[in-house]
Amino acid sequence: MPTVAPLDIEGHVVAAAFLGDIPFFAAASGAIHRLDGGDKVTEAHQGLLTCVKDHASQTLVTGGEDGKVLRVAHDGSVSTLAEVPRKWISVVAAGPQGAVAYAHGKSAFVRLADGTVKEFTEQRTVEGIDFAPKGLRIALARYNGVTLHWIGTAGTPVNLDWKGAHTGVTFSPDGRFVVTTMQESALHGWKLDGKPGESRHMRMTGYPAKVKSLSWSPKGKWLASSGAPAAIVWPFAGKDGPMGKAPLELGTRANILVTNVAFHPADEVLAIGFIDGMILAVRVADGKEALLRRPGKGAITSMAWSANGKLLAFGSEAGDCGVVDISG
């Protein structure tokens, strides 16, 4: 068994992340814990709703019930990026060149590094945001589909329509596909580089529960997802992505739901967190499994690898969190 450095914090862990070599844990209470020569705590929000890592600046971007969008640095210092009184900020994203996006109601906002803010309004509530891997472009998930906006130009928005409630969105690392999580326990995808008139839809269904966690493999050949008693891993290497192909099922456990997935930064190895707190690492090539953590308190809600891939930080809905060292 790898060694685990445990940490027990108050309440639900929204996100685990590494900033440099320092593991961070963002709790729903609004406290941000960092293991930096002991447990150091920054009180960031009055109720934290969402937290993502900004890979470009090695910071965290958070949104809260207090209407604030904050940036948290590796030393725990906090700067305010936006403040919207009486609104809950439950959707944020970090993009290239210091850009940050957030949403409330039917409006999404992109704040550029120079402080300029651009607003994008939808017909329905914005449920998810992601930045394209290249160029300043965002995808906004909403009811009945996704809208793609270019940020710096007056280009026409592109509507990707599919009936139903889309609750989250992600671009593939090569920018060729957009995939959403849906309210109805399914994923939906669009191929962006197809010829006009080509069928661009990808339906990924059959999940017994809602998909709350997605992770792309390092080169974007695979998309792993939670929501079943195994990690469901769809193939995206071919030009048509998973269309007509069956997914892999990794880390299968009878009736024990996968709640979180995180691909290793360099290798096609997937960390799989379960509803009973157990964590497995599984190699895509042959399905070989390694136990990283025995069952513990609460479902695994977030996992993140260190840059060198030797440490895995995790958090659970019960406040159980820690760091697994697999270098031994």
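The model is predicted, so local features need pLDDT of at least 70 and side-chain atom pairs pLDDT 80 or more, while totals for chains, interfaces and linings use all residues. Residues are numbered from 1 along each chain as its sequence is written, and side-chain values use heavy atoms, leaving out hydrogens and water.

Let's start inside. The largest nonpolar core has 16 residues, and V110, I129, F131, I138, L140 and I151 have the most contacts inside it. Such a core is a set of buried Ala, Val, Leu, Ile, Met, Phe, Trp, Tyr and Cys residues joined through side-chain atoms within 4.5 Å; buried means under 20% relative accessible area, exposed over 50% and partly exposed in between, with a 1.4 Å probe and protein chains only. A second, separate core of 15 residues includes V258, F263, L280 and V284.

Next comes T180, which is buried with a relative accessible area of 0%. A polar contact of 2.8 Å joins its side chain to that of H166 (N or O atoms within 3.5 Å; within protein, one must be able to donate a hydrogen and the other to accept it, and residues adjacent in sequence count only if both atoms are side-chain atoms).

Finally, the rings: F177, W216 and F236 are linked into a cluster by ring pairs. Rings of Phe, Tyr and Trp (its six-membered ring) pair if their centres lie within 6.5 Å, with planes under 30 degrees apart stacked, over 60 edge-to-face and the rest tilted. W216 and F236 are edge-to-face, 4.9 Å centre to centre with 75° between the planes. Both W216 and F236 are buried.
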